[in-house]
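Here are some notes on side-chain contacts, for reading next to the structure.

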Amino acid sequence: MTLRSPLRWTAVVMAVCALPLAAAAPSDQAAAEARDAATATAGETVRTDAGLVRGTRSGPYRIFRGIPYAGAPKGVHRWAPPRPVRPWKGVRDATEPGPPCPQVPSRYAPVSSTEEDCLVLNVTTPPAPQPRRASPVLVWIYGDGSVGAGSFFDGRRLAGRGLVVVTVNYRLGVFGGLALPGLEGAGTFGLQDQRAALAWVRDNVRAFGGDPGNVTVAGVSFGASAVAGHLTSPASRGLFHRAVMASGEAMMDMPAGAMGPGVPGYRWYAWRSGREMEDITRETTSSLGCRDERPERTLACLRALPVGTILDVPHIMNAFQVFGYGNATLPELPPEALRAGRFHPVPVLSGATRDEHRTFVGMLHDAVGEPFTEADYDRALRTAFGEQPAKRVRAEYPTSAFPSPALAWAAVITDRMWARGTQAQHDALARRVPVYAYEFADRDAPMFLPLPGQFDFGAFHAGDIPYLFEDEAAEPLFTRAQRRLSATMTGYWAAFARTGAPRGAGLPAWPPYRPRPVGRPYTQSLAPGRLGPVDYHREHNLGFWDRMP
């Protein structure tokens with residue numbers, strides 16, 4: 001296995017998986033704190049199993065920030081399973097966000113941290129919880145896997161629908177995925193952190209008015225792949241009762257060059273074997289002076305290094321935006337487990353955006369002043385599919401049918417990689433559990449990243465997330481119709497969290513997805529002024545891709 005090309009993945013491409021909220025986090029956080037400061041009063045004190053915490057009130061909401069759910073993973077606990085929090089005396093202040101886990105800034109996500117004592121979560125409670133009736137809980141796992149923090153996601157919009165919203169930090173990049181022979185938990189430390197947060201919710205959320213027997217785990221992009229991991233992980237059994245996967249990659253492959261020139265193809269986008277994770281570790285850490293034939297000595301050396309020294313290695317965070325399988329946390333490859341029905345039987349809400357791959361093409365090419373040309377298109381097709389298949393693809397997706405070669409290439413990979421993987425995920429899940437499929441189709445969704453070039457991003461990757469979580473950068477850009485769409489989407493998500501089906505008073509009908517040939521593979525289109533069925537298979541030309549080798 002060669003790793004040279006994956007380590008050249010640009011921070012631009014990979015940081016977008018946590019977008020849009022992480023990209024605007026610093027200004028958003030300052031604005032949110034300033035707004036809260038004007039209205040906040042002392043929130044009531046709540047007792048957790050580790051001690052008392054005191055949050056704030058923001059209007060009708062109670063918000064608790066930076067609550068530890070696991071001990072600091074530093075020193076000998078770096079690259080070890082999460083451990084219990086040490087109880088504290090007195091009342092712990094929970095009015096400020098905890099630190100993000102170690103990460104380096106990217107061009108569009110200017111967030112950095114070297115703090116390992118970062119395994120914290122945030123709780124937002126609904127305005128008027130019903131007496132003697134606990135509220136449904138939604139636990140949010142953000143995307144990317146190398147940048148971000150739970151505190152970047154403002155849960156008030158969903159809490160306003162009656163949910164207790166919990167957003168979590170987890171170990172990122174090399175700190176979440178390092179693998180050495182014989183290392184317990186290798187390749188899955190981030191996933192284990194998330195599981196520890198779910199266990200904290202089970203044990204503590206009732207004190208915040210939440211129902212530990214009605215927990216929805218939800219995630220976007222890398223976070224949605226994590227949700228698929230929890231669905232197939234024996235250790236996560238019983239910790240959640242519904243699942244939401246937005247732009248999930250659980251059953252996606254990756255054609256060569258799809259994520260940029262020089263990036264090789266992989267059978268699975270999100271998953272690597274234990275041996276592959278060890279290879280990634282060996283290559284990324286080779287410059288740190290810790291290589292030893294005895295893995296335990298290599299580990300001791302790496303644990304002794306300052307965080308900043310590790311973060312200085314180019315691309316060491318991006319290289320670990322995958323999960324290792326073949327271990328106690330993920331005993332088998334999740335796509336195989338999903339197809340075989342070996343997963344926790346909970347209802348699933350799952351979908352993607354209509355123009356997923358425009359994000360990546362735009363941020364590598366036209367939107368940064370490097371136009372994707374006809375020659376680039378031909379070269380990309382040959383790299384991804386081979387000489388003869390490339391001709392068939394070009395005939396099916398001629399540049400004359402698109403405003404630019406960049407949009408033609410984005411359509412190819414959106415259909416071939418994202419849509420095909422999304423439908424495979426829906427088919428596998430829906431054979432065993434209720435599935436509600438959607439496509440976010442607002443092609444005018446606000447794009448607010450500071451990009452120098454012009455590009456039509458359409459309904460881009462993760463463009464649906466500001467419709468669910470309040471985002472100060474996107475909010476001023478919403479039209480009245482988009483605000484209505486946001487209200488409908490939060491209504492759907494809250495109804496699903498409450499009952500396992502996105503149905504409720506005033507919500508347009510959303511039937512379940514039933515795979516062919518015995519059922520109707522219904523997908524709900526979510527766009528301003530248009531909420532209803534879309535023929536996902538036809539829209540993304542999946543008949544053509546089913547015939548391709």
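1. Which residues do ring pairs link into a cluster? They are W140, Y142, F153, Y170 and F469. Please keep in mind that the model is predicted.

2. The count of aromatic pairs comes to 26. In the pair of Y397 and F544 the ring centres are 6.3 Å apart and the planes stand at 65 degrees, so this pair is edge-to-face. Y397 belongs to the loop between α13 and α14, while F544 is in helix α17, so the pair ties together parts 147 residues apart in sequence. Y397 and F544 are buried.

3. Y438 and W510 make an aromatic pair that is edge-to-face, with 6.5 Å from centre to centre and 80 degrees between the planes. Because Y438 lies in strand β13 and W510 in the loop between α15 and β14, the pair ties together parts that are 72 residues apart in sequence. Y438 and W510 are both buried.

4. The charged end of R78 sits over the ring of W79, at 5.5 Å from the ring centre. For R92, the charged end sits over the ring of W88, and the distance to the centre is 5.1 Å.

5. H461 is found in the loop between β13 and α15. Is H461 buried or exposed? Its relative accessible area is 0%, and buried means under 20%, so H461 counts as buried. The side chain of H461 has a polar contact of 2.6 Å with the side chain of E356.

6. How many salt bridges does a search of the whole structure find? The search finds 21. One of them joins the side chains of R156 and D154, with 2.6 Å from N to O, and both R156 and D154 are buried.

7. Another salt bridge is formed by D193 and R171, whose closest N and O atoms are 2.8 Å apart. This pair links distant parts of the chain, with D193 in helix α5 and R171 in the loop between β7 and α4, 22 residues apart. D193 and R171 are both buried.

8. R420 and D253 also form a salt bridge, the closest N and O atoms being 3.6 Å apart. R420 is in helix α14 and D253 in the loop between β9 and β10, so the pair ties together parts 167 residues apart in sequence. R420 counts as partly exposed at 27% relative accessibility, whereas D253 is buried at 16%.

9. Salt bridges with shared partners join D355, R358, R443 and D456 into one network.

Note on methods. Residues numbered from 1 in each chain as written. Predicted model: local features only at pLDDT ≥ 70, side-chain atom pairs only at ≥ 80, totals over all residues. Heavy atoms only, no water. Phe/Tyr/Trp six-rings, centres within 6.5 Å; stacked < 30°, edge-to-face > 60°. Helix = DSSP H or I, 4+ residues; strand = E, 2+ residues; numbered from the N terminus. Buried < 20%, exposed > 50% of the residue type's maximum accessible area, 1.4 Å probe, protein only. Lys NZ or Arg CZ within 6 Å of the ring centre and 35° of its normal. Polar contact = N/O pair within 3.5 Å; in protein donor to acceptor, adjacent residues only side chain to side chain. Salt bridge = Lys/Arg side-chain N within 4 Å of Asp/Glu carboxyl O.
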